[in-house]
Amino acid sequence: MDNIRIVGGARLAGSIPISGAKNAALPILCASLLADGDHVFRNVPDLRDIGTMTKLLSHLGLETSFEDGVVRVRGCTVGDADAPYELVKQMRASVLVLGPLVARYGKARVSLPGGCAIGARPIDQHLRGLEAMGAKIELAHGYVNVVVPKGQLRGAEVVFDIPTVGGTENLMSAAVLARGRTTLVNAAREPEVEELARVLNKMGASVEGAGTDVIVIEGVDQLEPVDHAIIADRIEAGTYMVAAAATAGDVFLDHVTFDHLEALAAKLREAGVEVEREGSGVRVARRGELRATSATTAPHPGFPTDMQAQFMMLMCLARGRSVITETIFENRFMHVPELNRMGARIEARGRVATVEGVDSLSGAEVMATDLRASASLVVAGLVAKGVTEVLRVYHIDRGYEHIEDKLRALGATIERVPGRI
Ligand code: EPZ
């Protein structure tokens, strides 16, 4: 497996474009199961997770192709509505085929995703919602088997115990072809949920309220194929914003939706970083010292859990003590021991990490088993003294398109090298 090798010390400067959002593209690709015909999805990032999703759609019998950021899917009637462990274990988001399959075929067999590095991540809320819509659920041999006795789901009121992004997306995609009205209460408000609703509506669905915590869906009989360009990846943008701040750089990130970045922008400004919306992008620069700033993750529009590791890394360089609290996932501090190996002073207890700022970090060989934790280590490598090698870039490749090229364009000394193990 490849590693990423970084020689720290460069101040990032210049301009790069931000790619399409992985977490928006994944449920949208699944929505192609809802309608026959030729779907075109543009601005899709070239990432490992997207490859896994197109593989899963192909496994289900759909024709897919990917070229220059455009995924074409020929929707058709699938044979077995079955998502095997082999694919689901590679990517939890595979479970997002469940809603569309059950809506269209009245049945699905999908491997249970199990836990992952960042937490247990059950799908009980997805399943409870489908049950409320008339599905019968059976868990056996590591799979969830869903059958709708009358063939078609019926609308229902579903109140989520917690706002779940995937749960909201799965149930929204199921409800569009159900009989009658579905109301999702305490729904996730993430921009990716809103984007999926936009696509479903383009396909002829009736979804209202996405982006708020109550979403109302009126079922329709049939949907049409769609041509859609995916929104920008707010987490990729956020990661480069932190990298610009960490290196005391001056960077312009193009093709972003600034409104999706408000919580992060507010925290960066609190920490002494300049963040300006400029046309279709955002400019991030730092001239003075970083101020210690505490942050607590929360569902959107709160501070995103997917930016927690990168922001914590930034706080390692701030003057004073900051407290970072993770409320979404129970095990999302895998970067802590690695950052400490680079000279950071972080103490993590349960879901709370206390960070004492240090003057500098030192390069080291580091590794993490989660995408955003790995990203925080790359940013740490950019500022650390000497050479940092981030092992197993597999995780980075799941979520950051051409990361070395983009950082190199901003002046970083970074390359991909073959791993020794
Ligand atoms: C999505 O995961 C994202 N993934 C994650 O991105 C992101 O961290 C997360 O939302 C939170 O913003 C995709 O969009 C593909 P959840 P998802 O359901 O949908 C608990 C990244 O780095 N929960 O909102 O799986 C769950 O355990 C990642 O790109 C239940 O208890 O997240 C967690 O604690 C990783 N029961 C919390 O809710 C359920 O049925 C939020 O999870 C569902 C979730």
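This is a predicted model: local features need pLDDT of at least 70, side-chain atom pairs count only at pLDDT 80 or more; totals for chains, interfaces and linings use all residues.
The axes here are just lines fitted to C-alpha atoms over the stretch in contact, with angles running from 0 to 180 degrees between N-to-C directions. Helices are DSSP runs of H or I with at least four residues, strands are runs of E with at least two, and both are numbered from the N terminus. H8 passes H12 in a right-handed crossing, in which the near helix is turned clockwise from the far one by less than a right angle. On the H8 side, the contact (heavy atoms within 4.5 Å) is made by Ile235, Thr239, Val242, Ala243 and Ala246, and H12 brings Arg372, Ala375, Val379, Leu382 and Val383. By class, that gives eight nonpolar, one polar and one charged residues; Ala, Val, Leu, Ile, Met, Phe, Trp, Tyr, Cys and Pro count as nonpolar, Asp, Glu, Lys and Arg as charged, and the others, Gly among them, as polar.

Now for H5 (residues 124-132) and H6 (residues 165-175), whose axes come within 8 Å and cross at roughly 25 degrees. This pair, too, is roughly parallel, and H5 passes H6 in a right-handed crossing. H5 contributes Gln125, His126, Gly129 and Leu130 to the contact, while Gly166, Gly167, Asn170, Leu171 and Ala174 come from H6. These residues split into three nonpolar, six polar and no charged.

The 12 residues of H7 reach 17 Å from first C-alpha to last, close to the 16 Å expected at 1.5 Å a residue, with the expected span taken as 1.5 Å times one less than the number of residues. After H7 comes Gly204, with a positive phi near 110 degrees.

Finally, Ser15 sits in strand E2 (residues 13-17) and is partly exposed at 46% relative accessible area, the class between 20% and 50%. Leaving out residues up to four places away in sequence, Ser15 touches Phe252 and Leu410. Its C-alpha is 10.0 Å from that of Leu407, 392 residues apart along the chain.

Residues are numbered from 1 along each chain as its sequence is written. Local features need pLDDT of at least 70 and side-chain atom pairs count only at pLDDT 80 or more, whereas totals for chains, interfaces and linings use all residues; side-chain values use heavy atoms, without hydrogens and water.

Notes
Angles under 35 degrees count as roughly parallel, over 145 as roughly antiparallel, 65 to 115 as roughly perpendicular and the rest as oblique. Buried means under 20% relative accessible area, exposed over 50%, partly exposed in between (1.4 Å probe, protein chains only).
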